[in-house]
Amino acid sequence: MSIMQSIEILKPHPQGVLAKSQTQWGVVLLHGFTAGPGSVLPWGQALATAGATVYILTLPGHGTTVSDLAQTSAGQWRRHVQQTVDYVLAQGHDRVAVAGLSLGGALALDAAAHRAVDATLLVNPALSFKPVDQLGVALSPFFQRIIPTVGPLAGDIKKAGVVEEAYDRTPVSAVAELAKLFRTVRRRLADISSPVTLYWSTQDHIVPPTTAKLLRRRMEPNLLRIVHMDNSYHVATLDNDAPLIYQDSVNTLLSLSGGDHGGTA
C-alpha cells in the first residue's frame, strides 16, 4: 500500500482557533496495535475542527486481515510512518506534529527522533511489556509456528458501551516485531528535540507504568509534559478522558504556534 493510499486527510476548519492563529498545522495521527484509524478518528476530527490539517495513517498490516499483520515487520511500520512524516513536512505547513495512541505513540516518538518536528502528542505509548508478559514475548519467536495467534489486545476502555474496532486475534509473530520496535525506539529517545506531551492513564491494562518512567529518564526533562488521566483505561482517545486529550492537544499546538518553523524535510 502506498503512502497516499494509507492516509485519510481531514481538512482544517477555516474558523478554528489554530487557523485563526495564522499558523498552518499539519498533524500525522497514528493508531494502535491490531486496531485502526477509528480509535483516533475523533481526536483527528477535534484537531481538524480547531484548524489543523490531519493525516490519519493506516499502519501496514492493519485494516485488512490478521494474516497480513502476521507478515508485517517493525521496519515496515517505521518506514511507512517516517515516509509519511517526510511527505507532510514537504506540504508547506508552518508547523508539523506527530501524534499517536499506544503503538502509534511509539512510532510517533520514533518519527520525532527521525525528523525535528514541532510537537509530539502521545496517548499511553507502548515502549515495553508488562512483567507478566515478558517471558511469553521473549519466547514468541520460537512458539509462533506452534501457536500462531493469541487473543485480542485491544478494547481496554472504561467507558460503558464503547468498543474499539480491532482484530479479534493477535499474531504472535507481530508481538515479536513489537519487541524489536520497542528496543529501537527506546534507544532513540535521546535524539528527540521537540516538545512531547504525554497523556497517561493511571490505570492501564495494556501498557506498564515503566513507559512513563522511561520517558522521564531518557528524554530532556524540559521537553516532556505529562497529563494524568484518572478516568480512562488504555484506549483513552475513546474513553472518558477523551475530551481532555482533544482540548489539551489543541491548546498545546496553539501555544506553539507562530515564529519560525522548526521542522525540516
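View 1. Helices (H or I, at least four residues) and strands (E, at least two) are DSSP runs, numbered from the N terminus.

View 2. Because 11 of its 12 residues are buried, α5 is largely enclosed by the rest of the structure. Buried means under 20% relative accessible area, exposed over 50% and partly exposed in between (1.4 Å probe, protein chains only). Among the buried residues are Leu103, Leu107, Leu109 and Asp110.

**View 3. Contact of α4 with α7.** Residues of α4, including Trp77 and Arg78, meet residues of α7, including Glu177 and Leu181; contact means heavy atoms within 4.5 Å. By class, five nonpolar, two polar and four charged residues take part. Ala, Val, Leu, Ile, Met, Phe, Trp, Tyr, Cys and Pro count as nonpolar, Asp, Glu, Lys and Arg as charged, and the others, Gly among them, as polar.

**View 4. Glutamine 22 in the loop between α1 (17-20) and β2.** Glutamine 22 is exposed, with a relative accessible area of 72%. Its C-alpha atom is separated by 8.1 Å from that of serine 257, 235 residues apart along the chain.

**Notes.** Residues are numbered from 1 along each chain as its sequence is written, and side-chain values use heavy atoms, without hydrogens and water. In this predicted model, local features need pLDDT of at least 70 and side-chain atom pairs count only at pLDDT 80 or more, while totals for chains, interfaces and linings use all residues.
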